[in-house]
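Here are a few notes to read alongside the model. Keep the structure open as you go.

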Amino acid sequence: MEVGGNGGGLPVNNKQRTMLPNKGARCEFARTPRKDSEGLSESPDLEFEYSDTDKWAAELSELYSYTEGPEFALNRKCFEEEFRAHVSDKKWTDLDAAQHRAHAMRLLDGLEVIAREKRLKAARAILYMAQGSFADCSCEAEVQYWMRYNIFLLLDVGTFPALVELLNMEIDNSAACSSAVRKPAISLADSTDLRVLLNIMYLMVETIQQDDPADKPEWKIMKETFRAELGSPLFNNEPISVMLFGMVTKFCSGHAPHFPMKKVLLLLWKSILFTLGGFEQLQIIKVHKREELGLPPLPEDSIRVIRSMRAASPPASASDLIEQQQKRARREHKALIKQDNLDAFNEKDPYKADDSREDEDDNDDNDNSLEPETFPLERDEVMPPPIPHPPSERVSFPKGLPWAPKVREKDIENFLESSRSKFIGYTLGSDTDTVVGLPRPIHESIKTLKQHKYISIAELQMAKEEEYQKTPLSVGEEEVEMCATELLYQGILPSLPQYMIALLKILLAAAPTSKAKTDSINILADVLPEEMPTTVLQSMKLGVDVNRHKEIIVKAISAILLLLLKHFKLNHIYQFEYMAQHLVFANCIPLILKFFNQNIMSYITAKNSISVLDFPYCVVHELPELTAESLEAGDNTQFCWRNLFSCINLLRILNKLTKWKHSRTMMLVVFKSAPILKRALKVKQAMMQLYVLKLLKVQTKYLGRQWRKSNMKTMSAIYQKVRHRLNDDWAYGN
C-alpha cells in the first residue's frame with residue numbers, strides 16, 4: 001500500500017536518514033507509519049476517496065441483511081417454476097431478446113392477480129431477474145452483466161409503475177399494519193411483501209443510474225426518461241421520494257412498525273441522488289448558475305482541492321504527553337554525560353539555518369504536522385553534527401495555501417465603517433467606493449479586500465426576494481423554474497418538519513452511542529429472524545448483521561440530509577434555511593455531537609461485514625464453513641468505507657447548519673463540542689480533518705485564551721487547511 005508523504009515516495013535508507021538535518025528529517029518521515037522515540041505509533045493516511053456512493057458491488061450487497069440469505073434460493077425457485085412451465089428447459093442466458101421480452105411480460109401480468117400468494121410468487125421471479133438470473137452465471141461480473149440487461153428489459157416492459165402501485169397497496173394495507181402493531185416481536189416474516197417490492201425497485205434505480213460506456217444508445221435514452229419520471233409527480237401525483245418520506249413518518253409514528261426501514265431509506269437516498277444529481281453534478285449546476293447570473297467563476301474546484309489535500313498527524317493526547325515527560329526525565333542524565341557531543345551539537349544547531357529566510361521556510365514546513373514537538377536531545381542518541389548537502393536534496397513542500405481567500409461585501413462595509421469613524425469621525429452607510437480622507441494604507445487594504453470579494457448565489461437570491469417584498473406590483477410575478485429540486489421541495493414542504501424529525505429519530509436509534517430505551521423505535525424489524533439464534537455462531541452472525549444494519553441506516557440518512565441541504569441551497573437559499581431551521585429545532589446539532597462522542601477510530605475501523613455472505617459473491621460461489629474465529633477476524637481492510645463516509649457527511653451537515661449563524665455556533669460551544677471534535681482529528685483522512693477544523697475554527701474565539709494556548713498545533717492546522725476570510729478575527733477576537 002502506498003502511503004502519502006514525500007510526493008514521489010522516495011526510498012530513504014538509514015545513511016540518508018542521518019544526513020538529513022533533524023528538522024528536515026521530521027518532515028521527510030512525518031507521514032510514514034513509524035514508532036518514534038516517544039512511543040507514539042503513527043498510523044498511515046487512510047486511502048479513502050470520497051464519492052457519491054461506494055463501489056456498485058458494495059451498494060448492492062448492503063441492500064440485503066445476512067438473515068435474508070435463504071431467500072435468494074427461494075426467488076430462484078419461483079422463477080424456475082414459472083420459466084419451466086411456459087418456456088423450455090433452456091437456460092435464460094440462451095434465449096433470444098424476443099423470448100426474454102415475452103417472459104418478462106408474462107411475469108408482469110402475474111403482478112396483476114388478486115391472490116396474494118400468486119402475486120408474491122411473480123414478484124419473487126421478477127426479483128430473481130433483477131438479481132441477474134445468477135444460477136446461469138459462473139462469476140460476479142456475469143451476474144452484473146445480466147442484472148443490467150434484465151433491469152433495462154424490465155424497465156422497458158413497464159415494471160416500475162406496476163411496482164409503485166403494489167407498494168402503495170402495501171403501505172395502505174391496514175390489516176398488516178394492525179397485526180404488526182399488536183405483535184410483541186416483529187421479525188423478517190412481517191415485511192416479506194414490502195421487502196420483495198423495495199428490493200426490485202432499489203436494484204432498478206441503483207443499476208440504471210450507474211454509467212456504463214458499453215450501454216446501447218436506446219438504454220441511454222431510457223435512463224434519462226426514467227430519471228425525469230422519478231423526479232416528476234407521475235406516480236400518485238408526487239415524486240417517488242415524497243411517497244418514501246411518507247413511509248418514514250408512518251413508521252416513526254408507530255402505525256407501521258413492520259416497514260423495512262433500511263430498504264426504504266436506501267431507496268429514498270438513491271432516488272434523490274439519481275433525480276437531483278450527486279456532488280459532481282452540484283458543482284456543474286453551481287458553475288452554470290453563476291454564469292447565468294453574471295457572477296465571476298469560482299476561485300477553484302473545491303472537489304479537486306479536497307482530493308489533493310493531505311491529512312495532518314493528530315495532536316497528542318494527554319496520556320501521550322505524560323508518557324513523553326516520563327521518558328524525558330529518564331533520558332536527561334544520558335544527554336548530559338556526553339559533553340563533547342553536546343559541544344559539537346551547539347557548534348551547528350540543525351534548527352538554525354545560515355539564511356534567516358530559510359529559517360522561516362523551515363517553520364512553515366514544520367506546521368505541516370500536528371504531531372507533538374520533540375526536543376533534539378530526547379532521541380535515543382545525541383545527534384552528530386549534520387553534514388552539509390546541496391540545496392537540491394532539501395525536501396521541498398508546495399508553498400501557499402490550498403484555498404483562495406474570500407471576502408463578503410458586508411466585510412468590506414464593516415471595515416470601511418470602522419476606518420471612517422476612526423480617522424474622520426463620520427460614516428457613509430453602505431458606500432464602499434468613497435475613500436476621501438482615509439490614509440494610504442487603508443486604500444491598499446480596501447483594494448486587496450475588493451480583489452478577493454466573493455458574491456454568492458445566495459446573496460443575489462436574497463436581494464431579489466427583498467425586491468419582490470418591497471415592490472411586488474412593479475417587479476411582477478416571480479418565474480420559478482420547475483426543475484427536479486423544485487418539484488421535490490414542493491412535494492415535501494407541507495410535512496417537512498415531520499420528515500426531519502422522523503429521519504433524526506431513526507438516526508438516533510441507529511447511532512452506536514444510543515442506549516436501548518423503551519421509547520426508542522425498533523429499527524431491526526427487517527433484520528431479526530423468526531427464530532432467534534440458538535448457537536454461539538448464529539448469535540455472532542446476528543450481532544454482526546445488526547451492527548452492519550445500523551451502520552447502513554446511518555450512511556443512508558447522512559447522505560439524504562446532506563444531498564437535500566446542498567440541492568436546496570443551490571435552488572433557493574430560503575428552501576435551505578427552512579430545512580436547516582427544522583433540523584436545528586429537532587435537535588440535530590446535539591445529536592451529531594452525541595454520535596461523535598465515541599471512540600471514532602474504532603467506529604471507522606469496525607469490521608461488521610462477512611464478505612463471503614455478500615451479494616453477488618454468495619450466489620456464485622460455494623460458501624465456506626463459517627466459524628467463530630473467521631467471523632471475529634473479519635476482512636483485512638484498513639477502514640470501513642461506509643462509516644468514514646457517514647462521519648464526513650455528518651460533519652458536513654453540522655458545518656452547513658452552523659455556518660454564519662452565531663446562535664448555532666454558540667450551541668457548539670455550550671455542548672462542549674471542542675474536545676469531541678479534537679478526538680475526531682485522530683482519523684488521518686484529509687477531508688474529514690478539514691470539516692472538523694472548520695467546526696473548531698468557528699468557535700475558537702469563544703473557547704478562551706487558555707484553550708488556544710494549549711491547542712496551538714490545532715490552530716496552525718486550521719490556518720493551513722481552512723479557507724481564510726481576510727479580516728476575520730477567528731483566532732484572537734473576543
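1. Start with E62 and K555, whose side chains form a salt bridge with N and O 2.7 Å apart. This pair ties together distant parts of the chain: E62 sits in the loop between α3 and α4, K555 in helix α25, and 493 residues separate them. Bear in mind that this is a predicted model.

2. Is E62 buried or exposed? E62 counts as buried, because its relative accessibility is 3%. K555 is buried too, at 0% relative accessibility.

3. Next, look at helix α20, residues 440-451. Its twelve residues should span 16 Å at 1.5 Å a residue, and the end C-alpha atoms are 17 Å apart, so the two agree.

4. Which residues of α20 are buried? They include I442, I446 and L449. These cover an arc of only 65° around the axis, so they lie on the same side of α20. Part of the cover over the buried residues of α20 comes from α19 (409-423). On the face turned away from the buried side you'll find the exposed residues R440, P441, K447 and Q451.

5. D433 lies in the loop between α19 and α20, 17 residues from K450. K450 is partly exposed, with a relative accessible area of 34%, while D433 counts as exposed at 60%.

Conventions
Residues are numbered from 1 along each chain as its sequence is written. This is a predicted model: local features need pLDDT of at least 70, side-chain atom pairs count only at pLDDT 80 or more; totals for chains, interfaces and linings use all residues. Side-chain values use heavy atoms; hydrogens and water are left out. Helices (H or I, at least four residues) and strands (E, at least two) are DSSP runs, numbered from the N terminus. The expected span of a helix is 1.5 Å times one less than its number of residues. Buried means under 20% relative accessible area, exposed over 50%, partly exposed in between (1.4 Å probe, protein chains only). The arc is that of the directions from the helix axis to the C-beta atoms. Contact means heavy atoms within 4.5 Å. A salt bridge is a side-chain nitrogen of Lys or Arg within 4 Å of a carboxyl oxygen of Asp or Glu.
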